[in-house]
Amino acid sequence: MRTISAAETAPATYAWSVHAEQLKVKAGRHLAVDGLDLRMQNGVHGLLGPNGAGKTTLMRALATVLRPAGGKLTILGQDVGGRGNLRQARRGLGYLPQEFGFYPRFTVREFVEYMAWLKEMPKHTIPGAAQRAIERVGLTTRADARMKTLSGGMLRRAGIAQAIVNNPLVLLLDEPTVGLDPEQRLDFRELLRDLAVDSCVLVSTHLVEDVVAACTDVLMVNEGRLVFQGDANTLIDHGGPNDAGDSPAERGYSALLRRARNGGVA
Ligand SMILES: Nc1ncnc2c1ncn2[C@@H]1O[C@H](COP(=O)(O)OP(=O)(O)OP(=O)(O)O)[C@@H](O)[C@H]1O
């Protein structure tokens with residue numbers, strides 16, 4: 001059973017878990033997110049887009065790692081680009097970056113507990129919360145193994161465990177399935193569905209099939225803008241027999257990308 005986090009005891013007075021209006025975010029000097037509008041509630045949202053589209057930059061802004069350069073960004077009711085309470089928003093956030101740092105000599109349990117402590121979880125709740133997070137990602141038998149002894153896929157799962165340890169209301173996962181074997185990818189889809197019952201989950205990936213299988217909502221970005229938001233069937237409906245791809249969803253993705261690159265013309 002899911003425990004209640006501190007963020008959840010605060011009254012929810014917002015319509016959207018994530019609300020971006022004309023959001024602009026810089027990556028270095030480059031305006032990588034350039035006038036993006038987005039609204040998300042609970043559910044699994046799959047974030048697609050070509051290399052360099054701005055997915056990681058968007059994730060970093062939603063995780064409050066990067067401050068917006070323009071527009072408005074509200075997370076869990078807090079205006080994180082302006083005068084909102086950043087700490088309160090962060091308590092309700094979970095984030096798996098594409099690359100994450102860790103002390104190689106830490107065990108998985110120590111790593112997850114340390115991240116829980118950084119998230120300012122009450123001390124007495126940390127061991128139990130870490131244990132549950134480790135179980136949910138299927139790492140129970142490796143809980144006391146050192147991080148440096150894990151395979152790439154196991155490391156990714158440890159990263160997911162730290163992201164979910166505080167039962168976040170908004171969970172941001174940047175390419176979480178990289179390195180997972182097929183069985184783990186199926187288990188991960190189950191976990192996503194489970195998490196999304198009472199949280200807003202955003203998953204970036206290049207695997208269009210994962211999005212179709214696991215996501216209730218598909219988002220597509222190109223050149224820093226949202227060019228599509230809809231369900232998987234709508235994505236598929238955009239594809240035609242002449243579009244590139246090995247599956248209906250990949251053909252839908254190709255068609256939408258072509259349309260975006262042509263300035264909205266199919
Ligand atoms: N530190 C930086 N300095 C300058 N430009 C950057 C920096 N980081 C990213 N960019 C540029 O910003 C744009 C968006 O990058 P971002 O990493 O957000 O894309 P992405 O959609 O996540 O790509 P990928 O699918 O390859 O991970 C790209 O054109 C990239 O070259």
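Colleague: Which element gives the most to the shell around the ligand?
Modeller: That is α2, with three residues. Helices (H or I, at least four residues) and strands (E, at least two) are DSSP runs, numbered from the N terminus.

Colleague: What kind of model is this?
Modeller: A predicted one, where local features need pLDDT of at least 70, side-chain atom pairs count only at pLDDT 80 or more, and totals for chains, interfaces and linings use all residues. Residues are numbered from 1 along each chain as its sequence is written.

Colleague: Back to the ligand. Which residues come nearest?
Modeller: Ala-27, Gly-28, Asn-51, Thr-56 and Thr-57, out of 13 residues around the ligand. Two elements give two or more residues to that shell: β2 (30-40) and α2 (55-62). A residue counts as near a molecule or strand if its C-beta atom, placed from the backbone, lies within 6 Å of it.

Colleague: How do the shell residues divide by class?
Modeller: Three are nonpolar, eight polar and two charged. Nonpolar covers Ala, Val, Leu, Ile, Met, Phe, Trp, Tyr, Cys and Pro; charged covers Asp, Glu, Lys and Arg; the others, Gly among them, are polar.

Colleague: Zooming out. How many helices and strands?
Modeller: Ten helices and ten strands. The radius of gyration is 18 Å, close to the 18 Å that the globule rule gives for 266 residues, so the protein is as compact as a globular protein of that length. That radius is taken over C-alpha atoms, and the rule is 2.2 Å times the number of residues to the power 0.38. The C-alpha trace spans about 55 × 45 × 35 Å along its principal axes.

Colleague: And how is it split into domains?
Modeller: Domain 1 is 6-92 + 168-261, and domain 2 is 103-167. Those bounds come from an automatic or database domain assignment. The domain centres, taken over C-alpha atoms, are 24 Å apart. Where the two touch, domain 1 puts in 13 residues and domain 2 puts in twelve. Contact here means C-beta atoms, placed from the backbone, within 7 Å.

Colleague: Which elements each supply at least two residues of the domain 1 side?
Modeller: β7 (170-174) and α7 (182-195). α7 gives the most, with four residues. By class, that side of domain 1 has eight nonpolar, two polar and three charged residues.

Colleague: Now Arg-157. Buried or exposed?
Modeller: Arg-157 is buried, because 25 other C-beta atoms lie within 10 Å. The cut-offs: buried at 20 or more other C-beta atoms within 10 Å, exposed at 12 or fewer, partly exposed in between, with C-beta atoms placed from the backbone. Arg-157 sits in helix α6 (residues 152-164).

Colleague: What does Arg-157 touch, leaving out residues up to four places away in sequence?
Modeller: Val-137, Gly-138 and Leu-139. Arg-157 and Gly-138 are 19 residues apart in sequence, but 7.8 Å apart in space, C-alpha to C-alpha.

Colleague: Different topic. What is the phi of Leu-76?
Modeller: Positive, about 50 degrees, although Leu-76 is not a glycine. Leu-76 lies in the loop between β4 (70-75) and β5 (78-79). Leu-76 is buried, with 27 other C-beta atoms within 10 Å.

Colleague: And where is Asn-167?
Modeller: In the loop between α6 and β7. Phi of Asn-167 is also positive, near 45 degrees. Asn-167 counts as buried, with 22 C-beta neighbours inside 10 Å.

Colleague: Last one. What does UniProt list for residues 18-248?
Modeller: The unreviewed entry gives "domain: ABC transporter". The span is 34% helix and 26% strand, and its end C-alpha atoms lie 29 Å apart.

Technical notes. UniProt positions are given in the numbering used here, feature names are shortened, and annotations may be inferred rather than shown by experiment.
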